[in-house]
Amino acid sequence: MGLISLLWGVVAMLWMVLALIPLLGWGNWFLIPFAAVGAIIAAIGILFTRTQHRGRAKTGLVLNGIVIVVGIVRLSLGGGII
C-alpha cells in the first residue's frame, strides 16, 4: 500500500505541474479527486502497516496532501476555470 500511494503521489505531483500552466487549470478539477484517492490509499496503508514500514505510506500521504492543497489554491485563484 505504501508503494502504491507513493507512486500515486508522484503521478499526481507531475499532473499538478502540468495543471499550473495557464489555460490548463481545468485539469485541477480532475486532479483533486485523483489525489484524494491516493491520500485514502495512503491512510489505509498507514493503518494496516507496522510502525517500522510506514515511511512510504506517510510520504504518499504528504505528497497527495500537498497536491490537493495546491490544486484548491490554484482553482480559487483562477476562479475555477482558468
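The buried residues of helix α1 pack against α2 and α3 (55-77). Buried here means under 20% relative accessible area, exposed means over 50%, and partly exposed lies in between (1.4 Å probe, protein chains only). This is a predicted model, in which local features need pLDDT of at least 70 and side-chain atom pairs count only at pLDDT 80 or more, while totals for chains, interfaces and linings use all residues. Residues are numbered from 1 along each chain as its sequence is written, and side-chain values use heavy atoms, with hydrogens and water left out.

Helices are DSSP runs (H or I, at least four residues), numbered from the N terminus. In α1, the buried residues are Gly-2, Ser-5, Gly-9, Ala-12, Met-16 and Ala-19. They lie on the same side of α1 because they cover an arc of only 95 degrees around the axis, taken from the directions from the helix axis to the C-beta atoms. Leu-7, Leu-14 and Leu-18 are exposed on the other side of α1.

Leu-18 also belongs to a nonpolar surface patch of about 650 Å², together with Ile-21, Leu-24, Trp-26, Trp-29 and Phe-30. Of these, Trp-26 sits in the loop between α1 (2-19) and α2 (28-47). Trp-26 counts as partly exposed because its relative accessibility is 46%.

Asn-28 is placed in helix α2. With a relative accessible area of 1%, Asn-28 is buried. Apart from neighbours within four places in sequence, Asn-28 is in contact (heavy atoms within 4.5 Å) with Ala-19, Pro-33, Gly-71, Arg-74 and Leu-75. Ala-19 is also one of the buried residues of α1.

How values were computed
Patches are made of residues with over 30% relative accessible area and no salt bridge: like charges are joined within 9 Å, nonpolar side chains (Val, Leu, Ile, Met, Phe, Trp, Tyr) within 5 Å. Accessible areas come from the Shrake-Rupley method with a 1.4 Å probe; for residues, only the protein chains shown count as cover. A salt bridge is a side-chain nitrogen of Lys or Arg within 4 Å of a carboxyl oxygen of Asp or Glu. Helices (H or I, at least four residues) and strands (E, at least two) are DSSP runs, numbered from the N terminus.
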